[in-house]
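Thanks for making time this morning. I would like to take you through some packing geometry, so please have the viewer open while I talk.

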Amino acid sequence: MDVDGKKYRTIWLADDGETVEIIDQTKFPYVFETVQMRTMAEAAHAIRVMQVRGAPLIGATAAYGVALAMREDPSDISLHAACSSLLETRPTAVNLRWALDLARKTLIQVAPEHRRDAAYKFANDVCNEDIAINMAIGMHGMELIAAISRTKREGEPVNILTHCNAGWLATVDWGTATAPIYMSHDGGIPVHVWVDETRPRNQGAFLTAWELGKHGVPHTVIVDNAGGHLMQHGEVDIVITGTDRTTATGDVCNKIGTYLKALAAKDNNVPFYVALPSPTIDFSLSDGVREIPIEERSGEEVSQMTGRTAAGAIETVDIVADGSEVGNPAFDVTPARLVTGLITERGVLEPNRQAIAAAFPERVKLSA
Ligand code: MRU
């Protein structure tokens with residue numbers, strides 16, 4: 001997408017064709033800085049500390065991490081070790097495992113002397129596929145927004161609520177939840193986005209608001225608890241979120257707080273859609289609440305906040321009473337019964353095993 005007149009993806013190869021560059025998302029929204037990664041360890045670090053985050057981008061970074069490892073040592077042992085250590089970086093987003101399983105399966109068949117080039121090609125393909133998928137999600141999701149728009153008065157915006165950042169910063173480009181929004185906006189459909197701030201790491205306030213602003217999409221940042229109130233007053237037409245892992249039965253794991261939004265949406269007859277690329281579907285799982293591993297992150301993300309002072313300094317302050325325990329589960333699971341539909345690259349699906357399997361029969365076969 002466009003950043004001040006320059007086209008960016010979230011991850012790309014530097015001019016030497018080997019070094020991998022990313023946008024450091026820990027610095028947002030105050031500083032736009034890129035980081036170069038030359039080793040697999042640096043790619044693992046970037047995922048772990050969330051310089052890159054969002055399920056699809058985590059998968060893409062892992063794929064480049066394997067390429068960096070193959071550049072250093074293309075042996076079988078090195079390939080297995082790279083995949084194992086990258087897999088340890090974050091537990092919930094299944095795109096990580098998807099990318100690494102596929103990398104391992106693809107590259108083990110390639111002779112070590114050709115593995116470096118094959119690994120870079122694999123990572124480039126993962127990135128290009130992510131973009132194509134998100135554009136298809138955008139087209140399908142735009143039809144939902146257009147249908148709501150047709151029920152409105154001329155010029156009245158469709159109000160979309162989103163949680164966390166499932167924007168282009170969470171993917172290679174376009175985003176999942178934001179692709180329909182960007183395409184609607186670019187296509188002349190008036191939209192307005194309610195952006196959940198998404199405590200504790202503020203992906204909504206820091207990332208989603210930043211990217212919508214850069215693209216000129218009208219939006220309003222709200223505290224995470226405001227969504228239910230807005231829905232009660234008819235101010236939300238549709239909820240669109242992303243997901244880090246969705247089961248074969250349509251249970252959706254996403255950033256903590258998504259479940260409460262889905263409950264409020266159900267109570268207020270607001271359609272609740274989840275935009276997802278097929279690599280985010282975990283065909284091995286049937287019960288999201290019981291089976292999806294939920295990342296527990298540092299308590300400091302809850303007990304502290306970082307922001308910019310009036311003097312322009314970036315500072316971190318404590319916001320919890322001294323001595324209090326803090327808990328920080330990073331994701332929750334919205335059961336399929338609360339989901340109106342899944343916006344995938346192959347169309348909008350009902351959130352159930354039959355519909356998902358019918359849309360992606362080749363993935364079902366692979367996981368059997
Ligand atoms: O902890 P994060 O920032 O990696 O979590 C990201 C989210 O929860 C996103 O909403 C989700 O990954 C969808 S990304 C297209």
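Let me begin where helix H6 passes helix H7 in a right-handed crossing, where right-handed means that the near helix is turned clockwise from the far one by less than a right angle, and left-handed means anticlockwise. Helices here are DSSP runs of H or I with at least four residues, numbered from the N terminus. This is a predicted model, in which local features need pLDDT of at least 70 and side-chain atom pairs count only at pLDDT 80 or more, while totals for chains, interfaces and linings use all residues. Residues are numbered from 1 along each chain as its sequence is written, and side-chain values use heavy atoms, with hydrogens and water left out.

The axes of H6 (residues 178–186) and H7 (residues 203–215) come within 11 Å and cross at roughly 20 degrees, the axes being lines fitted to C-alpha atoms over the stretch in contact, with angles from 0 to 180 degrees between N-to-C directions. The two helices are therefore roughly parallel, a label for angles under 35 degrees. On the H6 side the contact (heavy atoms within 4.5 Å) is made by Thr178, Ile181, Tyr182, His185 and Asp186, and on the H7 side by Glu211, Leu212 and His215.

Turning to the other pair, H1 (residues 40–48) and H3 (residues 76–87) pack at about 15 degrees with axes 10 Å apart, and that makes H1 roughly parallel to H3. H1 also passes H3 in a right-handed crossing, and there Met40, Ala43, Ala44 and Ile47 of H1 meet Ala82, Ser85 and Leu86 of H3.

Notes: Parallel < 35°, antiparallel > 145°, perpendicular 65-115°, else oblique.
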